[in-house]
Structure formats: C-alpha cells, structure tokens
Amino acid sequence: MNKILMLIVVLFPIFSGVLIPMLPFRGRRAMCIFIEGCALAESALVFFLLQNPPAETLTVFRFTGNLSITFRVDGMGALFAGMASFLWPLALLYSFEYMKHEHSEKSFFLFYLITYGITLGIALAENILTMYFFFEMLSMATLPLIMHTRTREAFLASRSYLYYMLGGAAFAFIGMIFILTYGTTSSFVPGGVLDTVKIGDKGNLLLLVYVLCFCGFSVKTAVFPFSSWLPKAGVAPTPVTALLHAVAVVNTGAFAAMRVTYYSFGTDLLRGTWAQNVVMALVVITIVYGCSRALKETHLKRRLAWSTVSNLSYILFGVVIMTPLGLVGGMSHMLFHSFMKICSFFCAGAVIYKTGRNYVYELDGLGRKMPKVFVTFTVSSLALMGVPGLCGFVSKWNLCRAAVDSENPLAYAGVAALMVSALLTAIYMLTMMIRAFFPGRDFDYGKLSEAKDPNWLMLLPLAVFVAVMFCFGLRSGPVIRFLQEITGVVRF
Amino acid sequence: MDFVRNFPFISIILSLFSGPLSSILSGKWAKRINTAVIAVIGVMSACVLAYVAGTGEEFIYYMGHFPAPWGNEIRVGELEAFMAVFFCIIMLLCMLGGMKERLTQIEESKQNLYYIMVNLLLCSLLALIYTNDLFTAYVFVEINTISACGLIMIRQNGRTFEAAIRYMIMSLLGSGLLLLGLCFLYSVTGHLLMSNIQQQVRLLTAMGEYHIPLMVALCLMSVGLAIKSALYPFHSWLPDAYGYSTVSSAAILSSLVSKGYIFLLIKIFYRVIGFDIICESKVIHVLYVFGIMGMIMGSVSAIREDNIRRMIAYSSVAQVGYIYMGLGLGTEAGVVASIYHVLSHAATKSLLFVAASGLTDASGGSVRFKDLRGAGYRHKLAGIAFMVGSLSMVGLPMFSGFISKLLFSQEAVGHTHKMLPTLIALAVSTVLNAVYFMKTVISIYMPPGEEVELAESRNIAMREQPGKSVALVCFIILNLIMGLNSEPIIHLIETGLGMFR
Amino acid sequence: MNPWILLSVALPSVAGILLLAVSFGEYIRGSEKAFTRGVQVYTAAALALSASVSLYTAWQGEKECSLFEWLDGILVYFRIDALGRLMVTAVSIAWLLIGFYSLAYMGHEGKETRYFGFYLLLYGILTGLSFSGNLVTMYFFYELMTLVSMPLVLHSGSREAVMAALKYLFYSMCGAYCGLFGMVFLYRYCHTLDFTAGGALNLAAVQGHEGILLTAVFVMILGFGAKAGMLPLHSWLPAAHPVAPSPASALLSGTIVKFGALAVIRTVYYVVGPGFLRGTWVQYVWMVLALLTVFMGSLLAYREPVLKKRLAYSTVSQVSYILFGISLLVPDAVEGALLHMVVHAFVKCGLFLTAGVFIYRFGYTRVDRLGGLGRKMPVTLWCYTVFALALTGIPPTGGFVSKWYLAEGALQSGIPVFSWLGPVVLLVSALLTAGYLFPVTIKGFFPGEEKDPGNGAKEEPSPLMLIPLMVLAALALLLGIMPNPLIRYISQITLEVFS
C-alpha cells in the first residue's frame, strides 16, 4: 500500500492541477478552496508517507534494460519532500491573494500544482535516471510560469531560462551515462556506485565527467558562470520567484548535486582531487559574485535573486566539501535558506502587490505604512546575514565548521568567502530596511497614503516563516541531529 | 504461409505500377489509389515482418527463380521488413498531413504527377531496402533521385527550381561516385550480388590483395551516399530543397529519402564489405569526424535562420550528423543507435514539418518567427505537436530523441578515444538544439508583437484540417511510443542486424 | 541553572522591549507623544532595578548557567568570572550615570521612548555579553550589541546620521564576521570554546596547522579590534560619534568599544592562550597596529576642530592603549590594560557627557567656540579638567596608574624594539592628548582679552546632568588616589590567566 502511495504522491498534484481548467468553478473563491484543499491533502499524504516510509522501492516504468522510473523514500529525499510539502500550501495561500492582480490564474495554478508533483518526484527518485527525468520535466513545467506575464521581458527571460536548463541537463546527462556504464547500479547508494575495476586507468576522465555533471546539475542552482538566468526569471509573478526560483527548483539543483556527489560518484574517489578543487573554486566564486551583483542591483526582486545565487552556493559549498559534516551543513542551509528566502520574497511581493513599487530606492518610508511586512522583512534579512539567534547562523556555522574540519586550504578560502558574503548581505539587505524605516527626517508620509499591510492570506505565511526562523535559530540541535542521522548512512 | 515470401516483390511492383496507373486517373482517384497503395504495402510489409520474426531467419527471394549470378535477388530480414513498415507509416502520415497544401500549392494539372512521383519514390525506397544486388540498388537510387526532384519542383516557384537543380546536381554527383565505387568493386571481385561480393572481399583481405582499390571503392560509395543523405560538408542542397517545397515533399524527403540512402550504406557496410573490415579502415573515422561536425554546424546554421522551415531543414543536417557519428563509432551498438535515430528522426522531423505548416497556416502563410508569435494559440494542435517534436529533438525523456541520445552516449562511453568528443558533442548539440527549437516554441506561445497585422493570422480549429489533425495526433503518439516503449524496437534492430551477417 | 543570571539579562531587555513596542506603535500611528513623567519614572526604576540585579548577580561569586543546546554540541552558557564581574560593574555604573544624564539631555533630541527602549535593551545585552561563558554565546550577544546600538547612532534620523549608523553597522559587522571566521577554526583546534583561563588549545590537533590557526586568531583580533577602533577598521568611530546624541556617544566610546577589547581578551587569554601567540608574527603585527593606532588617533584628534569628533579620535587612540597592553602578553601589561579599560570607560563617558552639556546649553560643537566657559559653568569645566588630566595620565588620576602599568609591562616584556618603542609612543601620544584636551580648559578659564566674558551669570546644567559628571570625575580621581583594591582585584585575573 505504502509503495503505491509514493506514486500517488507524485501524480496527485499533477492530476488535480490538470483538473483546474476543466472543472466549472462557481467563482474564484471555490477554485481557491479546491486548490488549497488539494495542496493540503497532498501535504498530508506526503507527511503520512514520510511517517511510514515503505521499505521497498516501487518501479513504475522501464525505459530499457535497467533504466527505470523508480521511487523510494530515504532520509535525504524525506527532508526535501517534507520541506516542499510544508512550503507549498503556504505559498498557495499567498498566491491566492497575490494573483488577484495578474491574469489567467487558472494556467498559473495548473502549473504551480504540477511543479509540486514533479518536485516530489525528484525527492523520491530512487535512481539517477528518475531524477534526471523529473529534473527535465521540472524545467518544462516551470517554463509557462516564467512566461506568465507574456511581456517581452518574460519572453527573453524564459528563453534564457530554457537554454540554461536544457544545456545544464545536457551536461548532467553525460554524468548520468557515465554512472550507468561504470557504476554497479544506477540506484543511489550512499558512498557511491562506481566500480573502480571497470574504471581502471580512466580516473582523470571520471573526474572530468564529474565536473561536467556537477556543473550541469548546478546550472539549476545558478552556479557561476551559469547564474544569469535566475535574476532574469524574476519577471515571473512573485509566488513563482519565491517558491520556485528561491526554493523548490533551485534546490533541486543542489539536491541533485548532493545525490550525484555522495550517492553516485562517491566522495572517496573525489575528495582531494583536482575535480573537487575546480568545483569548489566555482562555488566559492559564486558566493562572492552573487552578493556583489546583489549589491549593485536596484531592482528589488532581482536583488533578492542575486542573493539567492550566492546563498545557493553556500549549499553547494557544503556539498563540495565532501565530508559528512559538509553534507549536513549543505542540507541545513538548504532547509533554512528556503524559509529565509521565501520569506524575503513574499515580503517583496507584498510591497509590489500593495504599492506597485519595484525598486529599492522606492522603499522610502514604507516601514511605517506596512509595519508587519517590513518587520518580517527585517527578520528575514537578519537571518540571511547570519545573525545568531536566527536560523541562518546555524547553517553558516555548520558549513564553516565542516570546511575547517576538512583541512582543505580552498575550503578555508570558502569560509572567508562566506564571511565576505555575509557582510555584503548585511549591506544590501539592511540598506533597504534602513530606507524603509528611516527615510530621513523630513520625509512626507502623505505620498504613501495608499500603502498598507496586506490581508491575512499574505501575512499568515510570513508569520509562520518568522516563527520557523526563530525556532530553528535558537534550537537547532534536533534538526542537525536528524541531518546527521541521514548523512550517517553515507559511507566515507 | 510461404506466400508471404512474395510480398516484398509484390509491394515493389505494386508501387511501381500504381504510378503509371495514377496518370490516367483523375486527381481525386490518383490520391485514393496512392493512399491505398501505401496502406496495402504497409500491411503487406507488416505480414512479412511477422513472418520473418516468426521463422527467426531471413529469406532470399529469387526473382523468376533464377539463382545468382543471373537472377536478381531480394533479401528480407527482420530489419528490412520493419523499415518497410515504418517508411509506409511515415509516408502515409506525411501525405495525410500535407494534403491541404498539395491542393493549394500545386497546379491542378500536376496533381496526378505528384502521386506518380510519390509512388515511384516508395517503389525505389522499398527496392533500396530489399535488394540484394548492388546494381539494382544503383538503378533505384537514380529513380529515387528523379522522383525526389519532381517532388521538390512540383510546387512551382523560382526557389524550388533552383533547389531542385541544385539537388539534382549534387545527387547525380553522389550517384556517380556510387557507380564508380560499384565498378571498382565489380572489377575487383567480379560480382554484383552483395553476398558474393562479400565472399570475395573476405578472400582478398585474407590474402592481403587489392587493398587500395577496395578502400577506394569503399570511400567512393561512402562519399556518394553521404552526399545524397546530406552529411555535413555536402549539405548545401538541403535547406532550399526542404525549405521551399510543399510540406509533404519536405517531410518525405527529410524523413525517408535521405534515410533510404543511409540504410543502403549500412547494408553496404554489413553485407558488401563486411563490418569488421569497415571498422578497421580509416573511412569510419572520417565519417565520425564529419558526423560530429555536422551535429554542431547544422545546429549553428539553424540558429541563424529566420525561416521556420529552413530552420527545421538545417536541423536535419545536424541529425544526419548524429547518425553518421553513430556509424563512425565503429561498433555494433553504435549502428543500432544510428538505426534507432534514423527511425526517431524520421518520426520527429516529419512531425515538425507538418506542425510547422499548421503554424504558418495560422499566421497568414508567413514562415518568419516574428509573424509566428502566438501561433501556438491560434492552431492549438500544431502548437502542441511542434512542442513535442522540439522536445524530442532536444532529447527530453519520454520522447524518442531521448532514447537515441541515450543509446549514442551509452555506446560512446565504452570507447577509449571517441568517448569524450562524442559526449561533449552530444551535449553541445543538445544545447544548440535547445537554443533554436525552444526559441521557436517559446515564441509561438508568446502574444504577437504590435507590428504583426492580425488580420492575416487566424485561428484554426482542429476540425478545419482533419487530415493534418489526424496526422499530427498519430505522429505524437508514434513519438511517445518510441520514447516510452523503445525496448522491443531496439531488440528488433539488434536481431535484424544480426541477420545481416 | 542560576535564575539570577537570566534575570539580570532578561529584566532590562524586557523592560526595553516594552518601551520599544510602545514606541513602535506610536511610530506606526505617526503620533509621537511626549515623554511623560510616568514613562520617565518607569525608565529610571527599570534602570535602577536592573543595575542592582546585575551587580548583585555579579558579586554573588562564581556562578554558571547553561540554557539549552543552541548549536550542535554548543550550549548557551553563562558564567560569572572575575573579568565579567569587572565589566558588569563598570558598565552598570556608567549606565546608571549616563541614564540619569540622558533623562535630562534627551529632551532636546526627542523620541525618548525609543531611545530608552534601546538603552535598556542594550544594557541587558551587555550584561549577557559580560556573563557569557563561551565564545559562541559571546558572539551572539556581540552581534546583538551592534544591532541594538545602531539605532542609538541614527537617533536623529537625519541623512548623515543614517549614513553614519550604516557605516558603524557595516564596520562592526565586518569585524564580527572576522571574529566568526576565527571562531570556527578555534572550534576545530580547541578542546572547548568555553572560556578557560589560560586557553584550551588542543595542541595535538594543532600540530601542523599552526599557520592557519595563527591566521585565524589574527583575523579575529582584527575583527574584534574593529569594535575597539583598531586600525584598519577604525573609521566608524569619528563618523558615528558627532551625529549620535551625546549620551549615546558616551556609551559607545565609554563602554561598547571596551567590549571589542573584552572579546579580544576572551579570545587570546581564555580560548587560545597567550603561550601560543607569544613571539609569533601575529603578536608583532598586532603590536604594530596597536601602536600605530595609538599614535595616529592622537595625531588626528589633535588636528580635529569638532569637539566630539576629537574625542572620538581620542577614543581610537586610547582603546588601542588597552589593545597594546593585551598584545604584550605579560601580566603587568595586561593589568595595565584592564585598569585602563576601567579608567577610560569612566573618563571618556565623562568627556562626552561634558561635550553634551556644551551642546545642550549652547549648541557649540567646535572647540574654538568654547572660550570663556569657566565663568559660566565652572563645575562642568572643572570636571572636564579632571577628565583631561586622567586621560593624559597625570597623577593623581587613574590614567596615571594604568599608563604606568602599561609602560612597565612593555619594559618588562623583553620583546626587542617594542619594549622601548611602546613606552615612547605612549608618551608621545600622552603629550598629544594633553595638546588636544587642555585647550578647552585653558580657553575656558582664560578666554583672553578679546572674548566677551558675558554677564557672568552661572549657567550650570540641571543637577540630573551635573551629578553624573561629578561622580565620574570623582571616580577618575579615586582610581588615581586609591588604586590598590582595583589593582589587587585585577591581579587575580592576570594570575589566573598566566598561571
């Protein structure tokens, strides 16, 4: 029974999404209730599944030979699935309000739900082919969401999005083929599946393929020099930018990188090689690069997007340290960053929704008119900066700790990069907050008479996120131990 | 059941004679006859396939019961029969999908001629597939060229004349080289029948004699067929020929005609020279390099195109490059991948041509991207079909293109020297494919810019063009089948190739 | 688990947050009410109560309190030790005095509710910072200190105040992140991050990684030094002080910068251990930086016409005395440093409060306008003179004692060059200090011919402002006349650390 549940969990949102344009809803309210109901039911299913994880795998379908679409629940997948199913209903709640001022809602919600299913597919993937399959599907399913506004900007953004995604997948494909040929199995096995006997003297080739594959998957995580699609994709409606381009889609890239590094190639073969140095250098560069671009950017959402670029590379930094601690750090940042960044984006979205202001220099004085939003925004900024007491610090600590433990000089540089990035984050986030709260002594608040806090649909998710940020920030022990349990499985 | 053994011959004859028959009938009847003939041949080939699969071994059909070297032989294995079935299906769907365009773009008086050409083409394709005699193959190559020229030029405007002449010149050059190679072989071995030549070639190689003439012959034949199937440096005839002819012609030319030559080349490799000898020669590396170049350069040219039809045409150059790259790998599995790609590309490319014609219909006949914006909403089915085709070309899982990509790269990984270039070329070419196909897909789903006169473009419902709709749906299904259920097909190709030996 | 420690942190914090909530409500509504008597009483009561609770807690003896596991394996942990006790005592005295002064002073700056909210909250945080029992807990309060003290700098809300506050924030953040960078390495190479007198370095693990560990410690010193105004991250001080309200400057200069020094002491003496650094390049570079800052700060102060900015540069210079003392890694110098920490806390508070009086009364910010004040406000100016004497290091003030110890420590240290260069630089800087502080006194009492002596009426500030000044001046003198109890107390600390 539980086995089938895995398939149901993946398919249910897709089908309910497809139903949206077909069902005759009486009014918008009914549609929203239906969608939220589906999402909640789905999340309940997911949590039930994670509570009672089935022991065996479920093979849905075979391509050829040993290439099959197979699902399984393991620790890492459970974390990712749990995260997605926690965030999705909240994000939907927010979008009901936000999408009021956008057109063609039905197609939006259709693809939003489909993406939910596909994300879960990635989380539950048992082998590399399944992951690749859903990885590609995800690129396609989110495309209409980026195109949603149908402006020229959206057109260009979706184009570059697709180029990057499919290009990345093409290189990831090389890695997949390599695993299929030189691995003992295509499944994800902690510690890697490569058969050293088969590889023989092709060690360097293996490393090259790893670098290509890592870069390919990391295109979704917007690693330098493949990061420019992410800020461009900010033309999509905010719920998309927030949930997909700060959390779900981009995290799948990191998730895939984790899977490939720890479960397919195996860190034993990679640690200390030039390949590790190359990918780590890329990641470290991205950490600083993203922040610097964020600093230069004046468009609110794009600034946050650049910040995402940098923060995603924190996750990847944890991954490329290639120790269990590194994986713990990476996963904790994946988890915490999701909350921090979705919260920041939702705040930015609320500002855009309520005032139509898109640029940082237009935020003057809004702190007084939208206090709830801006207090939340400030909290999430502080969390992103890594102020202790909020969750950002915990993951940063774990990452740094892992980096220092690995005794790799480049990782030390990475720690320095993290610090530089934290400082830059402080600068680009807090200048916005200061602007909003302290616009100058003789600021005329009369200009802002129209701005006020949004209604509960938007505020509820924000409140939840703030609570989560504090909880994790003050009491991270249980989470970290859970992550250690997951990674404890990984053989090193 | 032995009656089935006659079917291959009957189908060749049937298509050959239905041509002249069409010429005396009215256009409408010619069309019906043509459709019927293709369908019947398809069914007959299916029977043959079932028969061969049942017996598990090939059979040789002696025409007039004369054994070689006097008689002419037809040799039928699993792969040949399957190819015949597949070609018939594609051709039927292409004809169906391009029906409306044929009616509007071709002069009333020339309608009959078109069906004659198609019948001849089918006949020559079947002959190329089945024949066991090199000279017969050459003859039908020529017939094929002539009928293809007719198909290009029948839509009468300046560009098609130019294209047809260019095609004619290049093709004749190709067949001339083929003939030359054939003569060499004949003078060295004294045979024209494939199996006999192979015996002699083996003997000669074993003795170490006539090495250079044999290689020259091999080169000549390879280059000849490469020209005809538009391998990269010899592709200049292709974009015009595919880009300006009527839809069904373009679809048939790209998906069947060039593939017929490739199939012939594979046959020559296996049945005339012997695959192990080929693998040892340098020819294979040359093909490999040209294939890789084609993969990249074809796509680069396609990116630069502003005309959707020519873009798809250039994409064919790239896809042919894939096929030759697979042959160039010099392994059995590489050839399997190539044949799979022949099938997959045939199914996808014709789908793209037909879908593109649907999109241009909805945009006032313009083929430029600027005018195509929003066409996906105006002609919904064509939009979806074009997307499916594009995704298959890019190699998204679920579609046929993914499987061939998978096969190619899985095979390449085993190689020592060719592994990395192949993998990188595949990846780069995927990126390039994505660039131009996805650009098109996105632009057909974007609302039109202000500069387009909306009066010209109109919405087209599915019911308006039943033929095209049916064809598109069938193509999509075919693509999905090949993408999701590839294992039996691959198995069939493998056993078929096994019978070649 | 000791509830008193928690209470001493929580009480002022909660009291402050309550005030802030009120203030935020008013801010949203856009109707800022006047600072009513009731709120004034509340503030004063909260301040007095929390100060007494803190002091009581501090002098209870060695107490510790661990809360919960914050990071994996790291607890939120408080412990009262001699150093923390010293800090809390100094801070509490300064806080009470500045607090009462502010009650009078802030009337002309406005937004008192917000000011006192942050003021109380900051007190709680500083208490927590002093009581922190491990590096991570300390870091937590350290960051909070930066965030909460920033609104005090931008209090006026003017453009330049905001810019100065941001500068302060970013310099401090930069420093904090440098500290964090080093902390991570210490976590790896130390047995524990809990403060252990004399350090807890895991020598076995360090083997072969000395280079990176030294770098990490150096980065930490630089980072925490930013708060203490050490080169190269010193320039926030002269930017932030002139725009902040005077009491806020007083507590920035008087107390908060000391916590930078405290963090350095905690790192060097309680986690890494002085033995590891002695004789390494880190010590030398550190000494060079500290001495450079001492000299350069004085020089810049000497050239600066704006009084508060001059005092800010003076802080830069004086706090680096402390850092120099710490960097010598010998007991006497550390004793001197700790003494100077206390003395300078009181003295610099006093100086800024005096500058505040000038601004409050006359609106004068530049030194050259301050002529002839001796007649108008003799008490204030006498207090100022005592502070100036103390800062210069002229007996019988506290400054003399601390500088004596610093110089003695330097001479004893036996480090080549620095053992004599240090005292020389200190001496030169003391001369400069005299040069930039005494003109105010001289002009105040002897305005010369051209100055209009005015009508001679007394214009002393209200007692609420005057009494804190007098108390601080008395303290500065007291520390000079009877330094022995304090010295004995401090020698306990050094004994512990160097044993």
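Predicted model: local features only at pLDDT ≥ 70, side-chain atom pairs only at ≥ 80, totals over all residues.
Reader: Which residues is C:V153 in contact with, once its neighbours within four places in sequence are left aside?

Author: A contact here requires C-beta atoms within 7 Å. With that cut-off, and leaving aside those neighbours, C:V153 is in contact with C:A161, C:A164, C:A165 and C:Y168, and also with C:A240, C:V243, C:A244 and C:A248.

Reader: How should I read the division of chain A, and how many residues does each domain bring to the contact?

Author: Chain A is divided into domain 1 (1-270) and domain 2 (274-492), and the C-alpha centres of these two domains lie 22 Å apart. The contact takes 45 residues from domain 1 of chain A and 50 residues from domain 2 of chain A. On the side of domain 1 that touches domain 2, the elements giving two or more residues are α3 (75-98), α8 (203-218), α9 (229-232), α10 (238-265) and α11 (267-270) of chain A. Of these, α10(A) gives the most, with 14 residues, and by class that side of domain 1 of chain A has 30 nonpolar, 13 polar and two charged residues.

Reader: Turning to the chains, which pair shares the most contacts?

Author: Of the two pairs of chains in contact, chains A and C share the most contacts, whereas no contact joins chain B and chain C, whose closest C-alpha atoms lie 40 Å apart. Between chains A and C, 31 residues of chain A are in contact with 31 residues of chain C. The side of chain A that touches chain C takes at least two residues from each of α17 (391-406), α18 (409-437) and α20 (477-488) of chain A, and its largest share, 11 residues, comes from α18(A). The residues of that side of chain A divide into 21 nonpolar, five polar and five charged.

Reader: What does the other pair look like, seen from chain B?

Author: There, 23 residues of chain B are in contact with 23 residues of chain A. The helices α19 (400-413), α20 (419-444) and α22 (486-500) of chain B each supply at least two residues of the side that touches chain A, with the largest share, 10 residues, coming from α20(B). By class, this side of chain B divides into 16 nonpolar, five polar and two charged residues.

Reader: Which residues of α1(C) are buried, and what covers them?

Author: An α-helix has 3.6 residues a turn, so residues three or four places apart point the same way. The buried residues of α1(C) include C:I5, C:S8, C:P12, C:A15, C:L19 and C:S23. What covers the buried residues of this helix includes α2 (37-58), β1 (64-71), β2 (74-79) and α4 (112-131) of chain C.

Terms used:
Residues numbered from 1 in each chain as written. Chains lettered and ligands numbered in written order. Buried ≥ 20, exposed ≤ 12 C-beta atoms within 10 Å, placed from the backbone. Helix = DSSP H or I, 4+ residues; strand = E, 2+ residues; numbered from the N terminus. Nonpolar A, V, L, I, M, F, W, Y, C, P; charged D, E, K, R; others polar. Domains from an automatic or database assignment.
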